[in-house]
Amino acid sequence: MTATDAAPVRLAPGDPAPDFTLPDADGNLVSLADHRGRRVIVYCYPAALTPGCTTQAVDFTAAAGELAEAGLDIIGISPDEPAKLMRFREKENLGITLVSDPDKAVLSAYGAYGPKKLYGKEVIGVIRSTFIVDAEGRIEQASYNVKATGHVAKLRRELGLG
């Protein structure tokens, strides 16, 4: 077993959120530090233009206005290149920030890349995860192995938004 096969380190409330600067669908750099003073939902997903990831992105887009009013920004991270993120955004009419982490360094820092079960087999890949980062840049909530369907509604309920 190599170091890359080891179970990822999981973040917990109170931990500093790993900072990042990654390109978005337009190639513009997005930094977590730019959002200091606001809470940020950082969600990690395996691949743009796949059914579960589309459901999740569409749900986040639908809730984005309400979440923004509650002081929450949204950043989705996947290993997809910016051009694929742009196709995803345009095809699904997404209104949220999606950033590219092709070397999976940020996904790994969040504990969202490593061994997972897929159709009963263990594979190495992106672990669908959601984090709420507080205004000071600390993890407020960390959820691993989330389900794409219904996750945004569950998150909204947990945040007291519906």
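Which residues form one aromatic cluster? Phe20, Tyr110, Phe131 and Tyr144 do.

Ground rules, quickly. This is a predicted model, where local features need pLDDT of at least 70, side-chain atom pairs count only at pLDDT 80 or more, and totals for chains, interfaces and linings use all residues. Residues are numbered from 1 along each chain as its sequence is written, and side-chain values use heavy atoms, with hydrogens and water left out.

Back to the rings. The structure holds six aromatic pairs. One of them is Phe20 with Tyr110: edge-to-face, 6.3 Å centre to centre, 65 degrees between the planes. Phe20 lies in the segment before β1 (21-23) and Tyr110 in the loop between α3 (105-109) and β6, so this pair ties together parts 90 residues apart in sequence. Helices (H or I, at least four residues) and strands (E, at least two) are DSSP runs, numbered from the N terminus. Both Phe20 and Tyr110 are buried. Buried means under 20% relative accessible area, exposed over 50%, partly exposed in between (1.4 Å probe, protein chains only).

Next, Phe131 and Tyr144. They are edge-to-face too, at 5.4 Å centre to centre and 80 degrees between the planes. Phe131 lies in β8 (residues 129-133) and Tyr144 in β9 (residues 139-144), so the pair ties together parts 13 residues apart in sequence. Phe131 is at 0% relative accessibility, so it counts as buried. Tyr144 is buried as well, at 15%.

What sits over the ring of Tyr144? The charged end of Arg10, 4.1 Å from the ring centre. The criterion: NZ of Lys or CZ of Arg within 6 Å of the ring centre and within 35 degrees of the ring normal.

Now the sheet. It is open, with five strands in the order β5-β4-β3-β8-β9 and mixed pairing. Two strands pair if DSSP finds at least two bridges between them. β5 (97-100) and β9 stand at the edges, each with a single partner strand, so one side of each has no neighbour in the sheet. β8 and β9 run antiparallel, joined by five bridges. Thr130 stands opposite Ser143 in β9.

Last, the hairpin. β6 (residues 113-118) and β7 (residues 121-126) pair antiparallel over six bridges. Gly114 has Gly125 as its bridge partner in β7. Two residues separate the strands, and Tyr119 in the turn has a positive phi of about 55 degrees.

Terms used
Rings of Phe, Tyr and Trp (its six-membered ring) pair if their centres lie within 6.5 Å; planes under 30 degrees apart count as stacked, over 60 as edge-to-face and the rest as tilted.
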